[in-house]
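This report looks at side-chain contacts. Keep the sequence and the 3D view open as you read.

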Amino acid sequence: MAATPMCIPQILAQKFSLRILPYLTILQVFGALILVVTAPVIAATATVSVGSPTSATAEVPTLHQQVVSALRAAGRFGAVSGILDSLANVDEIIKPDITLFAPDDTAFENVLMNSSSVLTTLLNYQTASRFYAFQDLMSLKAGDRIPTVTPGISILVVSVNGLNYRLDDAFVVAPDLYTNGTVVVAVHGVSAIFSTRQYNTATLGPVPAPAPIADAAAAAAAPAPVSTSPTTVPDTAASSSSTPATGSNVDSYTDTARTTRAHSLVTCIVAMGVIAALTLL
């Protein structure tokens, strides 16, 4: 029986299918290779997007860092901020259940500060041994005394006028600079260093708190002062910008490297496919 002759469309379709079949096979092979190469990268990216505990957990500032940040934000307490950052024992000063009366920058212009023990003593004389928000201070009466963290040393409440609230010879110029009711810590800005010797009858510690120089004779007899103006006080805030890489940085770098390698492999595979297709033409 004679074969049935094919019509022209059938002949064209058969030739077309024979010509395109190798290309379809090549595309299937390279598609499978692309899936094999990119599957691990896709899985790793999904894992990183969820986030590990190290990268997802933000670092919580310490109590000292929170207080210094509030002082710096106020704009005129750079000197005391620098002192707090420079002391190794700052955690013994900034701790729960205290109130710090922080002198502003003008209070340090004529103050002798030549050792860390002197600075620590000064700050202890400026620190009450309990929490006082400004509303708590307003509940006190003139003549009341606020005990400090130094035994036997207290701060005299001279005036409770809200606009001119005075402690010793210093006015409260920035109330509630920082308050934390959880750890009961408060910081208030004051206009001067407290006149501890004038307002206390108790014997002061072996390292007296620095006090403003009264006259030229006292200045000549005193050791050479170390300037603590805002421009010269050690300020370690800038050094905090150089921080070591965190877990999130490492994860991001690793993910980027994996993605780059995958892109390179896919590009090579596609290029090989194009060359093979051109060869078959």
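A residue is called buried when its relative accessible area is under 20%, exposed when it is over 50%, and partly exposed in between (1.4 Å probe, protein chains only). By that rule, Arg166 is partly exposed, at 25% relative accessibility.

This is a predicted model, in which local features need pLDDT of at least 70, side-chain atom pairs count only at pLDDT 80 or more, and totals for chains, interfaces and linings use all residues. Residues are numbered from 1 along each chain as its sequence is written, and side-chain values use heavy atoms, with hydrogens and water left out.

**Salt bridges**

Side chains of opposite charge can pair when their charged atoms come close. Here a salt bridge means a side-chain nitrogen of Lys or Arg within 4 Å of a carboxyl oxygen of Asp or Glu. How many salt bridges does a search of the whole structure find? The search finds three.

| Salt bridge | N to O distance |
|---|---|
| Arg72 and Asp85 | 2.8 Å |
| Asp144 and Lys141 | 3.9 Å |
| Asp169 and Arg166 | 2.9 Å |

Take Arg72 and Asp85, joined by a salt bridge of 2.8 Å. This pair links distant parts of the chain, 13 residues apart. Arg72 belongs to helix α3 (residues 63-74), and Asp85 to helix α4 (residues 78-86). Helices (H or I, at least four residues) and strands (E, at least two) are DSSP runs, numbered from the N terminus.

Are these two residues buried or partly exposed? Arg72 is partly exposed, with a relative accessible area of 25%. Asp85 counts as buried, at 18%.

Now take the other two bridges. Asp169, the partner of Arg166, is partly exposed, at 31%.

**Aromatic rings**

Rings of Phe, Tyr and Trp (its six-membered ring) pair if their centres lie within 6.5 Å; planes under 30 degrees apart count as stacked, over 60 as edge-to-face and the rest as tilted. The count comes to two aromatic pairs. One of them is Phe134 with Tyr165, an edge-to-face pair with centres 5.7 Å apart and 65° between the planes.

Phe134 lies in helix α6 (residues 134-138), and Tyr165 in the loop between β4 (154-159) and β5 (166-167), so the pair ties together parts that are 31 residues apart in sequence. Phe134 is buried, at 15% relative accessible area. Tyr165 is buried too, at 0%.
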